[in-house]
Amino acid sequence: MSDQPRRRPGSKPHRRPKKDPVRILAFEALRAVDERDAYANLVLPPLLRKAREKGDFDGRDAALATELVYGTLRRQGTYDEIIAACVDRPLREVDPPVLDVLSLGAHQLLGTRIPTHAAVSASVELARVVLGDGRAKFVNAVLRKIAANDLDGWLERVAPPYDEDPEDHLGVVHSHPRWVVSALWDALGGGRAGIEDLLEVDNERPEVTLVARPGRSTPEELLDAVGEENGLPGRWSPYAVRLTEGGEPGALDAVREGRAGVQDEGSQLVALALAGAPVDGPDARWLDACAGPGGKAALLGALAAERGAALLAAEKQPHRARLVARALAGNPGPYEVIAADGTRPVWRPGSFDRVLVDVPCTGLGALRRRPEARWRRRPEDLDGFAPLQRDLLRQALRAVRVGGVVGYATCSPHPAETRAVVDDVLKEQGVAAEFVDTRPLMPGVPALGDGPDVQLWPHLHGTDAMYLALLRRTA
């Protein structure tokens, strides 16, 4: 007697769903982002490393998984509108794991070159593995509706006309929350073309940029290591090298040994401008008052060492202070890393010649790298950061001596986090400081505005949207 399960006449034989390691990994990464408020750039690398160690992945698999995760997160707002048009209930009533599978499928259909039949069938198989047969049927029905139009056709259907509601139109088309569109547009100024360019670049994969730490490595060494087919000199920083084909920076000797690191060129320009600003009198003690995770501190430490200056790197969170210590390890000059709160300084007033305060912010300037941040942030977050930003700048101005320079930096272009903070602090009694024109300290960089502070932009400079104001203490 056969021990195979008996089937009803006319029924289909049971088939186990085919497991696709690439799409399962992408789904796991999206679930971590949603359930744990994790960031994809922190979740994805260990998942990929584990898959390689198991032998499940090669380079092409890793590239596809990365595209599926980041592409889905960047276009989440657009895909939500499209999916909403294809289901018979509000999206909030669709289980989040189901919505993740639908979003992954929508991205394959509308944002990649994967053939329609392959995108649908692979997504349905994923649904069978992670959701079960019943919900896989729902996924199949929705994705077949989505496949009936291309992206442009869907945008014509789900985006409101630009003339009726410009912010909402741009938000749906370019997958940004309306309030973020409005804030970026206010900061950028100008008409439609500029804001559309910025929003489009926010949805592109940014280049990986390396920094050769002065006195420890050179751009030439990095270019030789990555090969001319994969490396280009930086656009603006003399220490930058751009990886045009991506790759794994951690495989480079200079990066592994801490002589070089991964650092956006805008971040490099902030450190270089502070180091290049003229100071009256001695130039022996530098402070990075918000040093975590350590990229700017490592570059400042190397620049300080060349001049015989000492760097103190302070970071409030102990685990981030350990990251700073790791970034500075092997620095040839004198330095110290401490776990300390920049709003409650343990150093004496007037102790430093140069101070950098790179304040916590909404991160709206780094949406290319952390696409999920646009969906997590709320307008009220600005009010939450405002007192901290002002207090950090206030204490930085007290930490610097008369004639010394403070750099106020933030990875946000929102006016409430940039010039408004500086202007408010400068109006206070007991704070005597003046602007230093930052533009000459970024030689060759175009479109820096009217000054004296500087706002960098992804679509104009190829960097994160870093802001920097330099202030000289006058009394």
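**Notebook: sheets, cysteines and salt bridges**

I began with an open sheet of four strands, which has the order S2-S3-S1-S4 and antiparallel pairing. I noted that strand S2 (231-233) and strand S4 (260-262) stand at the edges with a single partner strand each, so one side of each has no neighbour in the sheet. From one strand to the next, the twist averages 30°.

The model is predicted: local features need pLDDT of at least 70, side-chain atom pairs count only at pLDDT 80 or more, and totals for chains, interfaces and linings use all residues. Residues are numbered from 1 along each chain as its sequence is written, and side-chain values use heavy atoms, with hydrogens and water left out.

I recorded the terms for this sheet. Helices (H or I, at least four residues) and strands (E, at least two) are DSSP runs, numbered from the N terminus. Two strands pair if DSSP finds at least two bridges between them. Strands of a sheet pair through backbone hydrogen bonds, either parallel or antiparallel.

**Entry: pairing and packing in the sheet**

I found that strand S1 (residues 208-212) and strand S3 (residues 240-243) run antiparallel and are joined by four bridges. Val208 stands opposite Leu243 in S3. Helix H12 (residues 219-226) packs on the sheet and touches S1, S2, S3 and S4; contact means heavy atoms within 4.5 Å. The direction of H12 makes about 15° with that of S3. Axes are lines fitted to C-alpha atoms, for helices over the stretch in contact, and angles run from 0 to 180 degrees between N-to-C directions. Helix H14 (residues 265-276) also packs on the sheet, touching S1 and S3, and its direction makes about 30° with that of S1.

I looked up the UniProt record, an unreviewed entry, and its "active site" annotation covers Cys411. UniProt positions are given in the numbering used here, feature names are shortened, and annotations may be inferred rather than shown by experiment.

Cys411 is found in the loop between strand S9 (400-410) and helix H19 (419-426). Leaving aside residues up to four places away in sequence, Cys411 touches several residues, among them Cys361, Gly363 and Asp464.

A disulfide is a pair of cysteine sulfur atoms within 2.5 Å, and the structure holds zero disulfides. Cys411 is buried at a relative accessible area of 15%, and Cys361 is buried at 13%. Buried means under 20% relative accessible area, exposed over 50%, and partly exposed in between (1.4 Å probe, protein chains only).

I then followed S9. Ten of its eleven residues are buried, so S9 is largely enclosed by the rest of the structure. Strand S8 (residues 352-358) pairs with S9 in the parallel sense over six bridges, and Leu356 has Gly407 as its bridge partner in S9. S9 pairs with strand S12 (residues 467-473) in the antiparallel sense over six bridges, and Thr410 has Tyr467 as its bridge partner in S12.

**Entry: salt bridges**

How many salt bridges does the structure hold? I noted 36, where a salt bridge is a side-chain nitrogen of Lys or Arg within 4 Å of a carboxyl oxygen of Asp or Glu. Glu221 forms one with Arg259, the closest N and O atoms being 2.9 Å apart. Glu221 lies in helix H12 and Arg259 in the loop between helix H13 (253-256) and S4, so the pair ties together parts that are 38 residues apart in sequence. Arg31, Asp34, Glu35 and Asp100 are linked in a network of salt bridges.
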